[in-house]
Amino acid sequence: METAIGIILLLTFFAFIYYAAKGGNLLLGLFSMAVLWSGLGAIGGVIDWTTINTVVFQGGPEGFGPTAVNIIFGSWFGRILIETGIARTIIRKAVELGGDKPALTCVLLCVVTTAIFTTAYGAGAVVAIGVIVFPIMLSLGISKHLATGSFAMSVGCGLYFNSALLTQAAGTMVIDDAKYNPLVPEWYRFAAIALAIHLLFVIVMVTLSVRKEKKVRTWTAGGADANLGQANANLWACLTPILPVTLAIAFRFSAIVSIVVAVVWALLWTKNFKSWKGVANIVEKTFYDGVADVGLVLGFLLFLQMFIKAAGACKGLLAPIVSPILPANTFWLFVVFGALGVLALFRGPMTIWGAGAATFAIVSSTGLYPLAVLFPLFYIPATTITTSVCPTQSWNLWAIGYNKVGVKEFLKQVLPYILPLCLILEIIAYFMFAA
């Protein structure tokens with residue numbers, strides 16, 4: 001009986017993969033999976049009504065509260081960078097530094113974008129930066145698919161350090177209520193390596209593509225002014241994007257304290273402390289916009305918690321079936337995940353932001369791998385592939401539509417670079433976390 005229920009659970013898992021890849025609504029899909037797996041777990045004798053009532057559907061979303069708060073603060077910080085003009089100023093300086101070298105200017109814009117999204121978070125922040133960066137790139141003569149691909153990959157590049165996304169991912173990868181804490185020196189060491197290699201791949205892509213296209217033209221100062229506005233933040237204000245990460249790493253500040261300090265710093269150096277009412281207005285506006293930016297993301301994640309709790313309760317039915325087919329050598333597990341990184345596209349089984357949530361539940365149910373190993377194993381394809389280039393990611397979909405680029409053309413631009421990157425990072429992660 002238990003084996004039969006376990007097989008049915010796996011069949012529903014494959015059905016969910018198909019549903020997610022076809023673009024089904026994940027919020028409703030995850031809720032349906034939570035209901036289905038709770039029911040199957042009850043039939044299999046591993047879950048009762050009290051657990052379904054209080055743990056799965058009540059305790060799951062409630063337990064995600066601390067993570068949701070971190071996500072909201074990260075999104076708020078992104079809005080602060082935009083509202084105070086700091087983001088625009090940094091982008092303008094990158095354009096001026098690039099001068100009449102289009103490839104260099106494009107690379108510098110990618111570096112700036114990466115720096116911003118080490119701390120900023122949310123689709124709203126990505127869109128607000130994109131509407132500044134894209135007109136500049138296109139005015140340089142950079143092709144639409146290269147502009148879209150390089151910007152999208154640059155956003156993803158910063159997310160290895162992003163506390164909002166890291167805590168979000170940790171909240172989706174839970175084993176018996178235990179969560180991995182990624183905001184520690186061990187993770188930041190890996191994040192530094194991952195960011196450097198990821199950014200190198202972006203630079204190589206831009207350099208080779210620009211050289212191949214040979215259609216670029218000189219940027220003009222007038223164009224810069226037209227796209228970036230007039231106001232300039234001072235040098236001290238421009239340090240704001242890297243301040244939260246610096247405080248977290250160097251002084252062990254918590255994520256929220258780091259962000260609050262950085263916000264105060266930004267408001268102080270952009271002269272927004274002239275009146276209490278002025279401070280109140282900008283804080284209220286940016287906080288409201290920041291929450292709106294991540295509203296749907298939070299909805300998805302809260303329903304995901306229901307499924308995570310249901311899956312955790314069913315692990316006894318899955319482990320006997322799945323354990324024998326997983327690689328006995330952890331190194332090969334990382335290699336397989338890296339080689340199959342393409343399955344993180346279109347919400348497939350390799351991304352925790354889609355059907356991979358069920359993959360995590362199944363793999364973790366075996367008890368073969370500690371959470372410290374599973375976190376980097378799953379975080380890499382979810383960040384390197386899904387958030388960076390997947391067309392179903394909200395901000396990537398916006399960028400593709402904004403520049404009127406075909407999905408096929410976009411993927412042809414980025415996949416030759418992002419897929420080998422995923423494999424490389426998985427291998428590095430093995431030696432840093434699992435060897």
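**Exercise 1.** Find how far apart the mean positions of the positive and negative charges lie in this predicted model.

*Solution.* Start by counting: the protein has 25 positive and 16 negative charges.

**Exercise 2.** Work out whether the radius of gyration agrees with that of a compact globule.

*Solution.* First, get the chain length, which is 435 residues. For the extents, look along the principal axes: the C-alpha trace spans about 75 × 55 × 40 Å. Now check the contacts with a separation of 6 or more: 81% of them are between residues 24 or more positions apart.

**Exercise 3.** Describe the largest nonpolar core, then look up the contacts of Met-173.

*Solution.* Begin with burial in general: 58% of the 435 residues count as buried. The largest nonpolar core has 161 residues. Met-173 is among those with the most contacts inside this core, and so are Trp-37, Trp-187 and Phe-375. Leaving aside neighbours within four places in sequence, Met-173 is in contact with residues including Ile-352, Phe-360, Leu-371 and Phe-378. As background, nonpolar side chains tend to be buried together in soluble globular proteins.

**Exercise 4.** Decide whether Tyr-180 is buried or exposed, and list what Tyr-180 touches.

*Solution.* Locate the residue: Tyr-180 sits in the loop between β2 (178-179) and α10 (185-213). The relative accessibility of Tyr-180 is 13%. The cut-off for buried is under 20%, so Tyr-180 counts as buried. Not counting residues up to four places away in sequence, Tyr-180 touches Ala-170, Trp-187, Leu-371, Ala-372, Phe-375 and Phe-433.

**Exercise 5.** Compare Asp-176 and Lys-404: what is the phi of each, and is each one buried or exposed?

*Solution.* Asp-176, in the loop between β1 (174-175) and β2, has a positive phi near 50°. Lys-404, in the loop between α20 (394-402) and α21 (407-434), has a positive phi of about 55°. For the last step, exposed means over 50% relative accessible area. Asp-176 has 57%, so Asp-176 is exposed. Lys-404 has 67%, so Lys-404 is exposed.

Methods: Residues numbered from 1 in each chain as written. Predicted model: local features only at pLDDT ≥ 70, side-chain atom pairs only at ≥ 80, totals over all residues. Heavy atoms only, no water. Rg over C-alpha atoms; globule rule 2.2 N^0.38 Å. Buried < 20%, exposed > 50% of the residue type's maximum accessible area, 1.4 Å probe, protein only. Contact = heavy atoms within 4.5 Å. Lys, Arg positive; Asp, Glu negative; His and termini not counted. Charge placed at Lys NZ, Arg CZ, Asp CG, Glu CD. Core = buried A, V, L, I, M, F, W, Y, C linked by side-chain atoms within 4.5 Å. Helix = DSSP H or I, 4+ residues; strand = E, 2+ residues; numbered from the N terminus.
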